[in-house]
Amino acid sequence: MNKIFKVLLLITIISTILFFYLLYQDQQFKNNPLSQEILSKLENKNNVIRQIIKQKYNINYNIPIIISDKLPNNLYGLASYQQGIIKIQLNKKRFQENENYMIEYVLPHEYAHTLMFYFGKFDKENGGHTKLWQQICFDIGGMKCDRFVNHNDILIEKIGDIY
Ligand SMILES: [Zn+2]
């Protein structure tokens, strides 16, 4: 065999192995819950935000944070108010690309939406990204708090009244 052929063969073999390895990793991610490492980072950030809320607003704020694999791909998170129940869902698929973004940016962003619900502010102007929302987002330690996001990540359902 000449040298070039050997090199090409080697590249092909390595690429094939890499391809199946990545495919395997992707399957592993889809079929398993988030790693303990990610979950504990999320838990820590959640505790920090709750402490800030306690200090700033004097509320013992404890809402469910759900890791969901049923959210549409384009949504990082969703804050919902349904018949008086407030919760946050985070898109599991998005953790695969960037767990820090999910924890440091998306979580405070969604928390700010839920606090708006808690305070009875259901204004849907700019998809709920009002000035007050932004103020709350920064207050609780959010870093980006962009008012001009191009997605709708709040769901408000009052009894018999979906809008
Ligand atoms: Zn939002």
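This is a predicted model: local features need pLDDT of at least 70, side-chain atom pairs count only at pLDDT 80 or more; totals for chains, interfaces and linings use all residues.
Local features are given where pLDDT is at least 70 and side-chain atom pairs count only at pLDDT 80 or more, while totals for chains, interfaces and linings use all residues. Residues are numbered from 1 along each chain as its sequence is written.

**View 1. Helix 4, residues 99-118.** After helix 4 comes Gly120, with a positive phi near 75°.

**View 2. Helix 4 against helix 5, residues 131-139.** The two axes (lines fitted to C-alpha atoms over the stretch in contact, with angles from 0 to 180 degrees between N-to-C directions) come within 8 Å and cross at roughly 125°. Helix 4 is therefore oblique to helix 5 (under 35 degrees counts as roughly parallel, over 145 as roughly antiparallel, 65 to 115 as roughly perpendicular and the rest as oblique). Pro108, His109, Ala112, His113, Leu115 and Met116 of helix 4 meet Leu132, Trp133, Ile136 and Cys137 of helix 5 (C-beta atoms, placed from the backbone, within 7 Å). These contact residues comprise 8 nonpolar, 2 polar and no charged (Ala, Val, Leu, Ile, Met, Phe, Trp, Tyr, Cys and Pro count as nonpolar, Asp, Glu, Lys and Arg as charged, and the others, Gly among them, as polar).

**View 3. Helix 2, residues 36-57, against helix 4.** The axes of helix 2 and helix 4 lie 10 Å apart at an angle of about 35°. Ile38, Lys41, Leu42, Lys45 and Ile49 of helix 2 contact Glu99, Ile103, Leu107, Pro108 and Tyr111 of helix 4. This contact has 7 nonpolar, no polar and 3 charged residues.

Definitions and conventions: Helices (H or I, at least four residues) and strands (E, at least two) are DSSP runs, numbered from the N terminus. Two residues are in contact if their C-beta atoms, placed from the backbone, lie within 7 Å. The expected span of a helix is 1.5 Å times one less than its number of residues.
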